[in-house]
Amino acid sequence: MMLQRAKTLCPILTPTCLSSRQFHVSPICERVQAARYKITPKRDRPLTYEMANPPHFIADRKAWNSWNVSSLPGGLRPSETTIEDLFIRKFMVGTFHNLVCSEVIIKRQHNHIRIAAILAQAITARKMYFLIGYTEELLSSWLQCPVTLEVQTIEDRKEVIFKYI
């Protein structure tokens, strides 16, 4: 059987023809898509505006979550910027535990870092102002540049829900 197949592939049987491997291409059977949420049977999964727009709509409907100037001469390397952004996001979620309702947006402008987020109004204003000052002060000393938090509070977490799927 193998010999008959080899004869159809290679009419002149040579040792190199029998030992050569064939490369077969087939269409993709299972397509994997990143950052797309599956629809639930009851349509009860809440999505924010950031989550509801797929990645190919970045720059059309939504913006990047990190704005930086690392491509300018004398700026940070992209790997350093990525690590710092990850650290800032983890620090924000840890400091404002169970209060962050949206994505943490980081904007780098020259030597200044602006951080924007929507927080739930679940603690007193005094505690909120303390946490904002604490976060700005610690991040400024760790990152060696001025850091400003632009925080907006909402009364109910359901206010940031864009749609259900």
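Phenylalanine 130 comes out as exposed, at a relative accessible area of 56%; here exposed stands for over 50% relative accessible area, buried for under 20% and partly exposed for what lies in between, with a 1.4 Å probe and protein chains only. The model is a predicted one, so local features need pLDDT of at least 70 and side-chain atom pairs count only at pLDDT 80 or more, while totals for chains, interfaces and linings use all residues. Residues are numbered from 1 along each chain as its sequence is written, and side-chain values rest on heavy atoms, with hydrogens and water left out.

First, the overall layout. The protein has 5 helices and 6 strands, where helices (H or I, at least four residues) and strands (E, at least two) are DSSP runs numbered from the N terminus. Read from the N terminus, the order of elements is α-α-β-α-β-α-β-β-α-β-β. Buried residues make up 26% of the 165 in the protein. Among contacts with a separation of 6 or more, 58% join residues 24 or more positions apart, a contact being heavy atoms within 4.5 Å.

Now to helix 5. An α-helix has 3.6 residues a turn, so residues three or four places apart point the same way. Just past the end of helix 5, glutamine 144 adopts a positive phi of about 60°.

Leucine 131, in helix 5 (residues 125–143), is buried at 16% relative accessibility. Apart from neighbours within four places in sequence, leucine 131 contacts Thr95, Phe96 and Ile123. A polar atom of the threonine 135 side chain sits 2.7 Å from the backbone oxygen of leucine 131. A polar contact of this sort is a pair of N or O atoms within 3.5 Å; within protein, one must be able to donate a hydrogen and the other to accept it, and residues adjacent in sequence count only if both atoms are side-chain atoms. Leaving out residues up to four places away in sequence, threonine 135 touches Phe91, Met92, Thr95, Phe96 and Leu149.

Next comes the nonpolar core. The largest one has 23 residues, of which Ile88, Met92, Phe96, Ile113 and Ile115 touch the most other members. Helix 4 (78–95), strand 4 (112–120), helix 5 and strand 5 (147–154) are the elements that give two or more residues to this core. A nonpolar core is a set of buried Ala, Val, Leu, Ile, Met, Phe, Trp, Tyr and Cys residues joined through side-chain atoms within 4.5 Å. In soluble globular proteins, nonpolar side chains tend to be buried together. Isoleucine 115 has contacts beyond four places in sequence that include Ile88, Met92, Leu139 and Leu149.

The rings make up another part of the picture. There are 5 aromatic pairs in the structure: rings of Phe, Tyr and Trp (its six-membered ring) pair if their centres lie within 6.5 Å, and planes under 30 degrees apart count as stacked, over 60 as edge-to-face and the rest as tilted. Phenylalanine 87 and tryptophan 142 pair edge-to-face, at 5.6 Å centre to centre and 70° between the planes. Because phenylalanine 87 lies in helix 4 and tryptophan 142 in helix 5, this pair ties together parts 55 residues apart in sequence. Phenylalanine 87 is partly exposed at 35%, and tryptophan 142 is partly exposed at 46%. Phenylalanine 130 and tyrosine 134 are stacked, with ring centres 6.0 Å apart and planes at 20°. Both lie in helix 5, 4 residues apart, about one turn of the helix. Ring pairs join Phe87, Phe91, Phe130, Tyr134 and Trp142 into a cluster.
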